[in-house]
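Student: Could we go through this one together, starting with helix packing and then moving on to pockets?
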Amino acid sequence: MTASNKYSIRSGGIKLSVETFGEGEPIIYAHGLMGNKYFVQDQLMQLSKKYRIITYDARGHCESTPITDPELYKASDMVKDMKNILDHLNIRRAIVGGESMGAAIALLFALKYPGRIINLILTAPAFGNKESAGLEEISEFADSIANEGIDLTFENLSKDWDEPGVSSIVIGQLEKFVRSHNTESIVVAIKTITRWIILKNFSVLKNIDFPVQIFAWKDDPRHPVEIARDYEKSINSAELKIIPSFFKLYEDPKIFGNILLKSIGRMLKEY
């Protein structure tokens with residue numbers, strides 16, 4: 001693994017666990033709900049030969065400060081977290097991206113601080129101008145963790161999850177994610193963040209004039225490809241690419257890194 005630098009960065013009253021590796025143009029990439037910086041590192045490690053990768057645990061996740069107050073999971077607070085990380089590292093402009101929850105943070109950061117964006121990467125966007133019905137299932141999953149515990153929740157999940165392509169590797173990775181967090185903290189995070197509405201309407205995206213790459217996959221109600229298409233239609237400089245499902249990405253995170261490496265290189269040449 002490429003040598004890394006580790007930081008504990010304050011953002012308001014919490015501490016964020018941050019790790020950087022590689023040299024070159026900076027990329028800050030925010031993980032999804034229930035994810036952590038280690039999975040992002042697995043995805044993006046091969047980019048470190050050309051880019052400086054900034055990964056971090058979102059507030060309430062993994063090695064960052066646990067949070068059990070729903071008021072502290074506002075999307076605007078997470079945007080401030082991203083800004084504070086870049087400020088601490090003295091990075092003025094970066095390639096900014098994220099997956100699912102992280103895509104929402106990246107998009108809102110880009111809308112608030114457009115001068116700090118080189119390229120924007122939005123993977124599996126799940127949030128728009130109304131609550132996503134597809135996220136109700138994740139909220140129920142949090143209820144199961146809170147009421148039945150992690151062991152029983154995953155025992156039942158392994159029996160009941162009958163979606164095509166879901167292997168024991170995928171379920172094992174999800175369980176690894178959940179166990180990396182403070183249990184009470186991640187339950188509150190899930191219950192709160194799944195209710196996010198991040199846009200009044202999609203028309204606000206028409207002001208974006210920097211290159212945007214959107215990645216999505218089909219047949220996932222938690223990350224509807226329709227939201228990704230709404231983003232693409234609303235952002236003049238956006239391009240949507242359909243990629244393998246997140247089940248495949250869980251089994252082999254490097255798949256996404258290879259896709260992203262080609263995409264970023266092409267966008268930097270075109271703009």
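Predicted model: local features only at pLDDT ≥ 70, side-chain atom pairs only at ≥ 80, totals over all residues.

Student: OK, at what angle do H5 and H6 pack?
Tutor: Helix H5, residues 150–160, packs on helix H6, residues 168–179, at an angle of about 160°, and their axes are 11 Å apart. Because angles over 145 degrees count as roughly antiparallel, H5 is described as roughly antiparallel to H6.

Student: Left-handed or right-handed crossing?
Tutor: The crossing of H5 past H6 is right-handed.

Student: And which residues meet there?
Tutor: From H5 the contact takes in Ile150, Asp151, Phe154, Leu157 and Ser158, which meet Ile171, Leu174, Glu175, Val178 and Arg179 of H6. Sorted by class, this contact of H5 with H6 comprises 6 nonpolar, 1 polar and 3 charged residues.

Student: What about H4 against H5, what's the angle there?
Tutor: Helix H4, residues 136–148, packs on H5 at about 135°, with the two axes 7 Å apart, and H4 and H5 are therefore oblique to each other.

Student: Who touches whom in that pair?
Tutor: Phe141, Ser144, Ile145 and Glu148 of H4 meet a set of H5 residues that includes Ile150, Phe154 and Leu157. The contact of H4 with H5 divides into 6 nonpolar, 3 polar and 1 charged residues.

Student: Switching topic, how much space is in the second largest pocket?
Tutor: The second largest pocket holds about 170 Å³, and its lining is made up of 14 residues, with Lys130, Glu131, Ser132, Pro224 and Ile227 lying nearest the centre.

Student: How does that lining split by class?
Tutor: The lining of the second largest pocket has 6 nonpolar, 4 polar and 4 charged residues.

Conventions
Residues numbered from 1 in each chain as written. Heavy atoms only, no water. Axes fitted to C-alpha atoms, helices over the stretch in contact; angles between N-to-C directions. Helix = DSSP H or I, 4+ residues; strand = E, 2+ residues; numbered from the N terminus. Parallel < 35°, antiparallel > 145°, perpendicular 65-115°, else oblique. Left-handed = near helix turned anticlockwise from the far one by under 90°. Contact = heavy atoms within 4.5 Å. Nonpolar A, V, L, I, M, F, W, Y, C, P; charged D, E, K, R; others polar. 1 Å grid on protein atoms, 1.4 Å probe; cavity = no way out; pocket = protein on both sides within 12 Å on 5 of 7 lines; lining within 4 Å. Points joined across faces, edges and corners; volume = space filled by probe spheres on them.
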